[in-house]
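Biologist: I would like to go through this chain term by term. Please set each value against its definition.

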Amino acid sequence: MRIRFRENGPLVVEMPVELVDHQGNPIPIPAGKEMVALCRCGASKNKPFCDGAHKSCGFLGTNPPPVPAPTPAG
Ligand code: FES
């Protein structure tokens with residue numbers, strides 16, 4: 001599986017993937033999709049999916065990914 005961060009936008013998840021809510025209930029994915037865009041700005045009215053609201057809410061997804069902790073020697 002591959003998850004791609006779009007600049008200042010959603011997380012794009014390539015199929016196949018299964019989405020479930022916090023209780024493990026399936027979240028239906030529209031049929032025929034080859035990927036799904038998950039909101040990371042918090043402004044979508046169709047969560048967990050991106051609805052394009054990131055373009056008008058001022059979201060900046062510019063945080064660099066965290067640096068992995070060094071592995072202990074030995
Ligand atoms: S990332 Fe697109 S609406 Fe939130």
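Biologist: Why is P66 called exposed?

Modeller: P66 has 6 other C-beta atoms within 10 Å, so P66 is exposed. The terms are set by that count: 20 or more other C-beta atoms within 10 Å of a residue's own is buried, 12 or fewer is exposed, and in between is partly exposed, with C-beta atoms placed from the backbone. P66 sits in the segment after β3.

Biologist: What should I know about the model and its numbering?

Modeller: This is a predicted model, in which local features need pLDDT of at least 70 and side-chain atom pairs count only at pLDDT 80 or more, while totals for chains, interfaces and linings use all residues. Residues are numbered from 1 along each chain as its sequence is written.

Biologist: How many residues of the protein chain are buried?

Modeller: Of the 74 residues in the protein chain, 7% are buried.

Biologist: Which elements does the protein chain have?

Modeller: The protein chain has three strands and zero helices. Both kinds are DSSP runs numbered from the N terminus: helices are H or I with at least four residues, strands E with at least two. The order from the N terminus is β-β-β.

Biologist: What makes the protein chain more spread out than a compact globule?

Modeller: The radius of gyration of the protein chain is 15 Å, well over the 11 Å from the globule rule for 74 residues, so the chain is more spread out than a compact globule. The radius is taken over C-alpha atoms, and the rule is 2.2 Å times the number of residues to the power 0.38. Along the principal axes, the C-alpha trace spans about 50 × 30 × 25 Å.

Biologist: How do you know that β1 and β2 pair?

Modeller: Two strands pair if DSSP finds at least two bridges between them. β1 and β2 are joined by three bridges and run antiparallel. In this pair, F5 stands opposite L11 in β2. The two strands form a hairpin with five residues between them, and N8 in the turn has a positive phi of about 55°.

Biologist: What joins β2 and β3?

Modeller: Strand β2, residues 11-14, pairs with β3 over four bridges in the antiparallel sense. V12 has A37 in β3 as its bridge partner, and E14 stands opposite M35 in β3.

Biologist: Why are β1 and β3 called edge strands?

Modeller: The open sheet of three strands has the order β1-β2-β3, with antiparallel pairing. β1 (3-5) and β3 (35-38) each pair on one side only, and they are the edge strands.
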